[in-house]
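Open the model in your viewer and keep the sequence panel beside it. We will go stop by stop, selecting as we go.

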Amino acid sequence: IRHPGLRDGRILAPLSAERVMRTIEQLCEDYGQRPRVVVLDYLQLLHGEGMRLSERSKTEHVMAASAGAVLMSRSLGVPVLMAVQASRETDLRGGKGDLPMPGLRDAQWASAIEQHCDNMIGVVRPIAVEGVRDSVEREGSADVAIGGTSYRVTPHTGRTLFALGVIKGRDDDASGRRYACHVDPDILAIAAIDGRDE
């Protein structure tokens, strides 16, 4: 469900969680299929039903959007993933061989989102980290540690290798753990990694 963007040179109002739910429910009725997951690519494009962005502070806007995502998850009975950009300061952390994993404080309006979410996951693409990218360009590869395992980043593996860090896990002990996976951006497929030199 795309945000309509511009019309006649004007940016149109954000989508509401209620409108997204109504659209999904209509698609379910029309095609007889229910979603397995809902992904909100850009949380700031959601807002509370009947409220204009100018009537709220940015924090209130994000609070309403994340509360709407929770309502959407409960109403549709599926997980809702919300994407939030990390601050650029994340790239300044981490020493040699360490990946600068985003933390709770790195997400914009993190306190508003944390109140509603069950889990928060930081995502890093190692080849996009300045020191790793420089080593790959100079030497053809770089080694990074993810969850205590060393992985070789090359121009080929760098395209799909991602590191996931569990920032917050409600009702489980996964907080603080890191995982490596391959993400194929062409088909959005995710695969776990067992080998060390991938």
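Two strands count as paired here if DSSP finds at least two bridges between them. Keep in mind that this is a predicted model.

**Stop 1: the sheet**

Select β7, β10, β11 and β12. These four strands form an open sheet, in the order β7-β10-β11-β12. The pairing is antiparallel. Now color the two edges: β7 (119-124) and β12 (189-192). Each of these edge strands pairs on one side only. Look along the sheet to see the twist, which averages 40° from one strand to the next.

Turn on backbone atoms for this stop. Strands of a sheet pair through backbone hydrogen bonds, either parallel or antiparallel.

**Stop 2: from β7 to β10**

Select residues 161-169, which make up strand β10. Six bridges join β10 to β7, and the two run antiparallel. Asn 119 stands opposite Gly 169 in β10. Val 123 has Leu 164 of β10 as its bridge partner.

Is β10 enclosed or open to the outside? Seven of its nine residues are buried, so β10 is largely enclosed by the rest of the structure.

**Stop 3: across to β11**

Keep Leu 164 selected and step to the next strand. In β11, the bridge partner of Leu 164 is Tyr 179.

Now select all of β11, residues 178-184. β10 and β11 pair in the antiparallel sense over five bridges. For a further landmark, find Gly 165, which stands opposite Arg 178 in β11.

**Stop 4**

Follow the chain out of β11. β11 and β12 form a hairpin with four residues between the strands. Select Leu 188 there: its phi is positive, near 55°. The two strands run antiparallel and are joined by four bridges. Val 183 marks the pairing, with Ile 190 of β12 as its bridge partner.

Continue into the segment after β12 and select Ile 193. Which is it, buried or exposed? Ile 193 is buried, because its relative accessible area is 10% and the cut-off for buried is under 20%. Draw a distance from Ile 193 to Leu 161. Their C-alpha atoms are 9.2 Å apart, although 32 residues separate them in sequence.

**Stop 5: the largest nonpolar core**

Clear the selection and show side chains. The largest nonpolar core has 16 residues. Pick out those with the most contacts inside it: Leu 99, Val 132, Val 144, Ile 146, Tyr 151 and Val 153. Then color the elements that give two or more residues to this core: α4 (130-139), β8 (142-146), β9 (149-153) and β10. Which element gives the largest share? β8 does, with three residues.

**Stop 6: Ser 150**

Stay with β9 and select Ser 150, which is found in that strand. Ser 150 counts as partly exposed, because its relative accessibility is 36%.

**Stop 7: two salt bridges**

Show charged side chains. The structure holds two salt bridges.

- Select Arg 152 and Asp 143. Their side chains meet at 2.9 Å, N to O. Arg 152 is partly exposed at 34% relative accessible area, and Asp 143 is also partly exposed, at 41%.
- Select Glu 139 and Arg 138. Their side chains meet at 3.7 Å, N to O. Glu 139 counts as exposed at 57% relative accessibility, and Arg 138 counts as exposed at 59%.

**Stop 8: a nonpolar patch**

Select Val 37, Val 39 and Leu 81. Together they make a nonpolar surface patch of about 260 Å². Leu 81 lies in strand β6, residues 80-82. Leu 81 is partly exposed, with a relative accessible area of 48%.

How values were computed. Residues are numbered from 1 along each chain as its sequence is written. This is a predicted model: local features need pLDDT of at least 70, side-chain atom pairs count only at pLDDT 80 or more; totals for chains, interfaces and linings use all residues. Side-chain values use heavy atoms; hydrogens and water are left out. Axes are lines fitted to C-alpha atoms, for helices over the stretch in contact, and angles run from 0 to 180 degrees between N-to-C directions. Patches are made of residues with over 30% relative accessible area and no salt bridge: like charges are joined within 9 Å, nonpolar side chains (Val, Leu, Ile, Met, Phe, Trp, Tyr) within 5 Å. Accessible areas come from the Shrake-Rupley method with a 1.4 Å probe; for residues, only the protein chains shown count as cover. A salt bridge is a side-chain nitrogen of Lys or Arg within 4 Å of a carboxyl oxygen of Asp or Glu. Buried means under 20% relative accessible area, exposed over 50%, partly exposed in between (1.4 Å probe, protein chains only). A nonpolar core is a set of buried Ala, Val, Leu, Ile, Met, Phe, Trp, Tyr and Cys residues joined through side-chain atoms within 4.5 Å.
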